[in-house]
Amino acid sequence: MFSIKCCQSVSLFHQQLGQYIKPMKMHFMVSLMSPPFPTLIKTHMKNKHQISVEEVSSSENGEELSGVLYNARIRDSCRAGDVDKAMKMLAQMEALGFSLSLGSYTTVIEALGSVGRTLEAEAIFREMVHLGLKPDLRVYNAMLRSCLRKGLLELADRVLVEMETLGIGRNRATYEALIDYYGRAGRLNDVWMVIGKMRREGFVPDSFVYSKVIGVYRDNGMWKKAMEIVREIKELGISLDKRIYNSIIDTFGKCGELSEALEVFEKMQEEGVRPDIVTWNSLIQWHCKAGNVGKALELFSKMQEEGLYPDPKIFITIISRLGEQGKWDVIKQNLENMKCRGHRRSGAIYAVLVDIYGQYGKFQGPEECISALKSEGIQPSASIFCVLANAYAQQGLCEQTVKVLQLMEAEGIEPNLIMLNVLINAFGIAGRHLEALSVYDHIKDMGISPDVVTYSTLMKACIRVRKFDKVPGIYEEMESAGFTPDRKAREMLQNALLVLQQRHCENPWLNFVRQHGTRTVEIGTTSKMKEWQNVKIWTGCLS
């Protein structure tokens, strides 16, 4: 655990951040610790959607809506992705004395979980149980995915325990939700543990499972291991589908083997597997990072010719790389091309991101950017907010990044781990590591479990301000939490130990061993002891 005396500015930031996170945390604790009363969700609905008399007496074609029609309309809105409309109708029907059906409860919980509104989903889930309705496996899986998406492991564990207590067995979707979380979090051992349980229950791993395993190996720089998984898939007679191809392409791209990635891309199409937005994003991203912006733009253009809607996340990579090279005319040309192809919504997001990077200068801050998107008919989602925050964060604009986070919460979207990691990165880039650590403390206070990105970003923030002595502690905390450090984390630790060795006569490795021991954890074919031995050799610390 960190023991840090924050300066006055950090304390002020901590208070400001807590002003809007604390109510969410209290809501979360109430849902966990208090009896599940229906008034919890009703109170929340009244606050979020003020209901007038005219709205309560809403009708269609001159006839009052019945409870059955309300349930049908709510389900339709959820399936269409209009969660706010569904919640407003829920508030209306409860005011009229109607209640949700079992099917509607399930649909609403799934919809709220899918957009990151986990606390509302949890409140409705508890109300459902309190009213005597028995959630089925589909509802529990929806709650599990919702909790894991936000990194709420304690709440996810409660869901699993409750399932077991009620005798509700896990299915493939349950295991895949766990594998998806552990894979994204970089917890290699946990991924294999879940796969083992899955096999014992009679579920054979499919392409989804194998693609996650490949991804974990990829993120740990173990691309040879990833390729061994691909060979195992072929030997088992499992056909390579879109997920597997995407994982292979991303693995080659991350390792800098772009020609191999393009070869797999061509083979994928020869086999009749159509690339999706994930495929194109991966190729564009790694070509940009390799400095081959020309090829990235070529791929970007081809993607649009295929009729695919450009992913806003990739805009930042393209704009930032072209902006570094001063090619604003190329950026403008890309915007015009998107407009010509009819990608009006993507064009609006692209223009706002360009503005954040300081070229167009049409908007003053996050509020104006969000207003501009709404004027184009774009309802900001958790993903859009994260993209905007990341654009500010990459330039070290901390206050603007915090403002995006506040606007996100004002829209009823709970800040997720991705957004909070972005905020840590913003403070890190700005050289404000104490604030970065303060955000980390808030993450844990909210009950959210940090992931590999959280710890790696913290390590990077400390290295930027030359606080190398804090890096080994963060690394050890990451391991203690059950995460498999990725290649970047290991490299940062090596660099920090080297600097510490140069600063002091005493071996930093020996200090690390005295404080943390020499646990041996297998990572593929290389043990931790062997890894640390290599660190010692690399830093010239061996006698």
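A disulfide is a pair of cysteine sulfur atoms within 2.5 Å, and the structure holds zero of them. The close-ups below come from a predicted model, in which local features need pLDDT of at least 70, side-chain atom pairs count only at pLDDT 80 or more, and totals for chains, interfaces and linings use all residues. Residues are numbered from 1 along each chain as its sequence is written, and side-chain values use heavy atoms, with hydrogens and water left out.

**View 1. Two buried cysteines, Cys398 and Cys462.** Buried here means under 20% relative accessible area, exposed over 50%, and partly exposed in between (1.4 Å probe, protein chains only). Cys398 is buried because its relative accessible area is 1%. Cys462 is buried too, with a relative accessible area of 1%.

**View 2. Helix H23 and the glycine that follows.** Helices (H or I, at least four residues) and strands (E, at least two) are DSSP runs, numbered from the N terminus. H23 has 13 residues and spans 18 Å from first to last C-alpha, close to the 18 Å expected at 1.5 Å a residue; the expected span is 1.5 Å times one less than the number of residues. Look for its buried side chains at Cys398, Thr401, Val402, Val404, Leu405, Leu407 and Met408. Just after the helix, Gly412 adopts a positive phi of about 90 degrees.

**View 3. H23 packed with H24.** Helix H23 (residues 398-410) meets helix H24 (residues 417-429) at an angle of about 165 degrees, and their axes lie 9 Å apart. Axes are lines fitted to C-alpha atoms, for helices over the stretch in contact, and angles run from 0 to 180 degrees between N-to-C directions. The two helices are therefore roughly antiparallel, a term for angles over 145 degrees. Contact (heavy atoms within 4.5 Å) involves Cys398, Thr401, Val402, Val404, Leu405 and Met408 of H23, and Met419, Leu420, Val422, Leu423, Ala426 and Phe427 of H24.

**View 4. Lys374 in helix H21.** You will find Lys374 in H21 (residues 366-375). Lys374 counts as partly exposed because its relative accessibility is 37%. Leaving aside neighbours within four places in sequence, Lys374 is in contact with Pro380 and Glu411.

**View 5. Helix H28 and its buried residues.** H28 (residues 487-503) has 17 residues and reaches 25 Å between its first and last C-alpha, close to the expected 24 Å. Its buried residues are Ala489, Arg490, Met492, Leu493, Ala496, Leu497, Val499 and Leu500.

Note on methods:
Parallel < 35°, antiparallel > 145°, perpendicular 65-115°, else oblique.
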